[in-house]
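Biologist: I would like to learn how to read the packing around a helix, and then how to follow it out to its neighbours. Could we work through one case together?

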Amino acid sequence: MKIDEIKKISLVEFLNQLGYQPTGRDSKGLWFYAPYRSERKPSFHVNPNRQVWFDFGTGAGGDIFSLAGEMSGETNFLRQADYIAEKMRLPVAKPYKPTPFVEEPTFENVKVSQLTSPALLKYLADRGIPRDIAQRYCVQVDYQIHGKDYYAIGFKNNANGYELRNPFFKGSYPPKHITHIANSNARCNVFEGFIDFLSAERLGFNDGMDSVVLNSVSNVAKAITPLADYTVIQCYLDNDAAGRAALARLRREFGDRVMDKSALYPNNKDLNDFLCQREQSQTKGLSYAERSQERPEGHHLMSLYPKKSSKLKL
């Protein structure tokens, strides 16, 4: 089979051949669980008419060849074609050049406002982020998908997209990009996600320094240009393979200017995990001190947060 004929293979058929079935549909197409990563709710959308896909969890998208690249880890087009042919049991012929991909947004009635939702503020507070820091850097994004109302914490990126987060969802409103917070400082901190950036604010690690939030380690290449002018680049990346790979990429570009700050939290997955552990330790210590004091009869400690429903409309 020729490459042009591979292009005509249905994405739905290809996913079915790989063992993935749709979980639902909307006016533009079908929803699947992302075939190359684990997730609790399906965020992988296929438009069968246009033969394109879009992952709302990562901001990635494209045609059948780019999906084969995500599945196989191959960036070479012919190897992507070989992967498709192998999975579909087809021969491969001459090369085909993929056309640029532009996805029509599925988000509807998007509204950005001040972050005031008690449920969202409590979600951040439970992760060690106080209200003043949350409202300084984040907004509330209300939107609709398939006619249903949702809302989430929004963190704006340099391309006017938003990272979205609530207790049940982690994704983005495209386009996906880095966030560069410039304060005219010669030193810059680098974070994988905005929760880690907010954690650094809470811990006092930023202290007026500039910051670059990658919003995904796949955005490292987009950070190279803004980082080039800094004399010191302090990386607060995750203690995992992806974080180490991002650190290695930055060190190849900038050498000794790059400092690995993950040594501050060697026993934690990331900076926010470190903050939460510290906050819990301090809370336990405070609780012990309070219990050791005598209280007047009828005196009760008030809960830090009111016991109101914090269910989000999902």
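Modeller: In this predicted model, the buried residues of helix 3 pack against helix 1 (3-7), helix 2 (11-17), strand 3 (44-47), strand 4 (52-55) and helix 4 (77-88).

Biologist: Which residues of helix 3 are buried?

Modeller: The general idea is that an α-helix has 3.6 residues a turn, so residues three or four places apart point the same way. In helix 3, which spans residues 64-72, the buried residues are I64, F65, L67, A68 and G69.

Biologist: What caps the N-terminal end of helix 3?

Modeller: That end is capped by D63, which places a side-chain oxygen 3.1 Å from the backbone nitrogen of F65. Just after helix 3, G73 has a positive phi of about 80°.

Biologist: How many bridges join strand 3 to strand 4?

Modeller: The two strands run antiparallel and are joined by four bridges, with F44 having D55 as its bridge partner in strand 4. Their hairpin has four residues between the strands, and Q51 there takes a positive phi near 60°.

Biologist: Which way do the residues of strand 4 point, and are they buried or exposed?

Modeller: V52 and F54 point one way, W53 and D55 point the other way, and all are buried. Strand 4 also pairs with strand 5 (residues 61-62) in the antiparallel sense, over two bridges, and the partner of W53 in strand 5 is G62. Five residues lie between strand 4 and strand 5 in their hairpin, where G59 in the turn has a positive phi of about 85°.

Notes. Residues are numbered from 1 along each chain as its sequence is written. This is a predicted model: local features need pLDDT of at least 70, side-chain atom pairs count only at pLDDT 80 or more; totals for chains, interfaces and linings use all residues. Side-chain values use heavy atoms; hydrogens and water are left out. Buried means under 20% relative accessible area, exposed over 50%, partly exposed in between (1.4 Å probe, protein chains only). Contact means heavy atoms within 4.5 Å. A polar contact is a pair of N or O atoms within 3.5 Å; within protein, one must be able to donate a hydrogen and the other to accept it, and residues adjacent in sequence count only if both atoms are side-chain atoms. Two strands pair if DSSP finds at least two bridges between them.
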